[in-house]
Amino acid sequence: METNKDNKKKVACKLKTLQNVPRYTPEVAVGLTAEQVESRLELGLVNTDTTNKGKSVLGIILSNTFTFFNLIYIVIATFLILCGHFEQCTFLPVVVINTLIAIVQEIRAKMTLQKLTLITQPKVQVTRDGETTQMDVDEVVLDDIVTLESGYQISADCIVLDGYVEVNESILTGESDAVVKNVGEKLFAGSFVVSGSCRARVEAVGKFNYISTLSGKAKKYQKPKSQVLGSLKAILYSVAVVIVPMIVGLYVLNADYYGSSVEGTTTWLGLNDLAITRTAGSIIPMIPVSPLLLTSVALAVSFVKLTKQGALAQELYSIEMLARVDTLCLDKTGTITDGTMRVVESLDLRNPGALYTVREIMSSYNSALKADNITSKALKKFYGAPKKTVLEATTTVPFSSLRKFSAVSFKNNGTYFLGAPEFVAKNLSQRVMELVRKYAEEGLRVLLLAHSTSTISKADTLPQVRRPVALIVIEDHVRSDAVDTIKWFKDNGVSIRVISGDDPSTVSNIALRVGVENAENYISLEGMTDEAVREVATKYTVFGRVSPDQKAVLIKEMKRQGHKVAMTGDGVNDILAMKQSDCSIAMASGSDAARKVSHLVLLNDSFATLPNVVAHGRQVVNNIQNTSTMFFMKTIYIVVINIMVLVMHFGFHQQVASPLENLQLTLLDWVVVALPTAFLSLQTNHSQIKGRFLPNVVKRCLPSSLTFIVSTVSLYVLQYYTNPSILDTSASLGTLVTITFTFGGLFALYHSFKPFDRWWKKPLYVGVWLVVLLGICTPFGRDFFQYATLNREQILLLLVEILAIPFVMYGLRFVLGADRNKGKTK
């Protein structure tokens, strides 16, 4: 078998066209033989999915190891080690741990996704050797006979051999109108079957499908647009642009300072070791890679947890997108109700003495259509669907969400129609309308069976004169957990909109029963123009008689008015709206077409899973937003101080050195920032996300950064612009700058910890203070971190600086409104 696979791959890579490939024309009922299938496999003519499957394990390892900033770390560490300052490489453990965690979590998430993808992988019915079986779409070979039905996404270009289907080719053409495909017409991979069924011969596979030639214009899946990822990458790219020239400039000014300094230097290959040490100390803290790591890890942890609870995210950042949602659009069926129905009443509207009973008509109707949706299952259970029927069907028109009815022509007995009353027949009598209204107000679904003496000539040419025959009343079963789920969204700031093809009063009644707020505020969109739909998009809670195009218009308008919108769906009629939404959610039992375009798949079909997804996403975003302030306060501060010393040296020709060393920053980096933020990133926080990520982070970290800048600038002023200088050496200046920076970090951490509503926060915060005090105040700590010995005046100055920091920081936080929009933990 391995040999066959290897040969298949080699030959498949060489094939440029299918023109010279021998073709088979199997009978529709027989399909290809085993020998013919084997010959296709040997040529590699299999419908292999050529889309990107994501990175390999080796790719994950390499991409996380050899990043731009990791290379910067490695280069700096190499110079420090060669200069004999290995103790200054305190940043290396953080780099190694960050990289390992990123690799492990990404591989873990990849493996989980691969396992779960097998569950949701689309299938297709293939006929071979006279037997029809279901198999994965990537097992289909050229010239296979496939059966396509409503809800399928066509996986390979085909020619219709019998039957007919209506397909949505919007993924290829951008046009959402359903297109009828009859015998002899071509079906294109990527299209969705809206209604009908047919058997077709596969005309192209894999890279030969038409969709593969569109160069990215027809994507099945749109990646979510993550604010967090976009903001973090923008910051990293900005730092990447300035970091190399900044390294060069800082080394030059440090080398110039220490080259004429009495503090003593040694050289390696002509490089000044103290200049390298100070340059490294001013560059390493400037790189904010940890927030990106924390975000990826936190999302990966949530991803794995959610998959165990029955929710599959196609991308890690899909979790974030759902967390930002403030409007959730639902269809009634499958979310509020569990997708099971039963017929509760069958009311004959004809006068006594009709030739056929409603049961005889409906049983023949069910047998003719061979539909398999939840409505047809309820009808079959009530009326039956025998093999031998009273009426003989000649032509069928399957149900479509656009028409909102189906139809069957019977030999010598005209045509029967079944669907939404107002779509099946016009000018219904007052008695019938009152009955429909009565049942709808009770939350029941009403179907009208109507008859025409004419027969169907074409699927798009139907008899227009139709007389009512019967009303069929169907009850949806409300989910037992729907009330609690709706209540959770209401309590957590997410408004619910119910969008359905059913009668709006029916939908409204069911929505009221499960607690949807303002569900009595409903409207029918039947016959409305797109402009009219846009005008009512945010004025109503329940929308009935909605077409697939109107669903998309509603979602688009809600987004235009500033809402973050999620859309749930399970059928082809939901796809347009799902693609317009910020986050699309599909049911695993729904059509494979809906699953393919969704960001999130509910594997257990449970609407009750959604609150967990939103809660996890909110926790990640709120916590990353909170912890990122600890990292970006360093970045902003270091960048400004680096620019300041560069301007002093190159602009004013001042002999100046960078103030920081990596070893002296260990307490800040490890004890004040790294350890506490690891706890903060995993704390429970389900508060609604407010504002945009980057402005929120900048607003919260700016008071701390400005406080540190003011403190450091004041120390530089005392050294360079007072005579005699209180700070007599760069070592004493560096020690004071580092210690005030570290204590400033402690005060900033206090604001990140607020509110102290978890048992571990106070002990952890006190513990961080104790470790910092031991590291700064004890002889062992001062020697280990190589702090300079301070005289009495310098110690007094240090105390003044430390005492001033919380007052300056608090004042700046108040002025800048840093605590606004900060989510409280729940």
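Colleague: Why is Tyr416 called buried?

Modeller: In this predicted model, Tyr416 has a relative accessibility of 4%. Buried requires a value under 20%, so Tyr416 counts as buried.

Colleague: What makes Phe410 count as buried?

Modeller: The relative accessibility of Phe410 is 1%. That value falls under the 20% cut-off, so Phe410 is buried.

Colleague: Why is the pair of Phe410 and Tyr416 called edge-to-face?

Modeller: A pair of aromatic rings is described by the distance of the centres and the angle of the planes. The ring centres of Phe410 and Tyr416 are 6.0 Å apart, which lies within the 6.5 Å needed for a pair. Their planes stand at 65°, over the limit of 60 degrees, so the pair is edge-to-face.

Colleague: Where do Phe780 and Phe784 lie?

Modeller: Both belong to helix H27, residues 779-784, and are four residues apart, about one turn of the helix.

Colleague: How do you know whether Phe780 is buried or exposed?

Modeller: Phe780 has a relative accessible area of 64%. Exposed means over 50%, so Phe780 is exposed. Phe784 has 48%, between the limits of 20% and 50%, and is therefore partly exposed.

Colleague: How many aromatic pairs does a search of the whole structure find?

Modeller: The search finds 23 aromatic pairs. Ring pairs also link Phe679, Tyr750, Phe753, Phe756, Trp760 and Tyr765 into a cluster.

Colleague: What makes Arg359 count as sitting over a ring?

Modeller: The charged end of Arg359 is 5.1 Å from the centre of the ring of Phe382, and the distance limit is 6 Å. Arg359 accordingly sits over that ring.

Colleague: Which residues make the nonpolar surface patch?

Modeller: Leu58, Leu62, Phe66, Leu71 and Ile74 make a patch of about 490 Å². Helix H3 (57-65) and helix H4 (68-82) each give two or more residues to the patch.

Colleague: Why is Leu62 called partly exposed?

Modeller: Leu62, in helix H3, has a relative accessibility of 40%. This lies between 20% and 50%, so Leu62 counts as partly exposed.

Definitions and conventions. Residues are numbered from 1 along each chain as its sequence is written. This is a predicted model: local features need pLDDT of at least 70, side-chain atom pairs count only at pLDDT 80 or more; totals for chains, interfaces and linings use all residues. Side-chain values use heavy atoms; hydrogens and water are left out. Rings of Phe, Tyr and Trp (its six-membered ring) pair if their centres lie within 6.5 Å; planes under 30 degrees apart count as stacked, over 60 as edge-to-face and the rest as tilted. Buried means under 20% relative accessible area, exposed over 50%, partly exposed in between (1.4 Å probe, protein chains only). A charge sits over a ring if NZ of Lys or CZ of Arg is within 6 Å of the ring centre and within 35 degrees of the ring normal. Patches are made of residues with over 30% relative accessible area and no salt bridge: like charges are joined within 9 Å, nonpolar side chains (Val, Leu, Ile, Met, Phe, Trp, Tyr) within 5 Å. Accessible areas come from the Shrake-Rupley method with a 1.4 Å probe; for residues, only the protein chains shown count as cover. A salt bridge is a side-chain nitrogen of Lys or Arg within 4 Å of a carboxyl oxygen of Asp or Glu.
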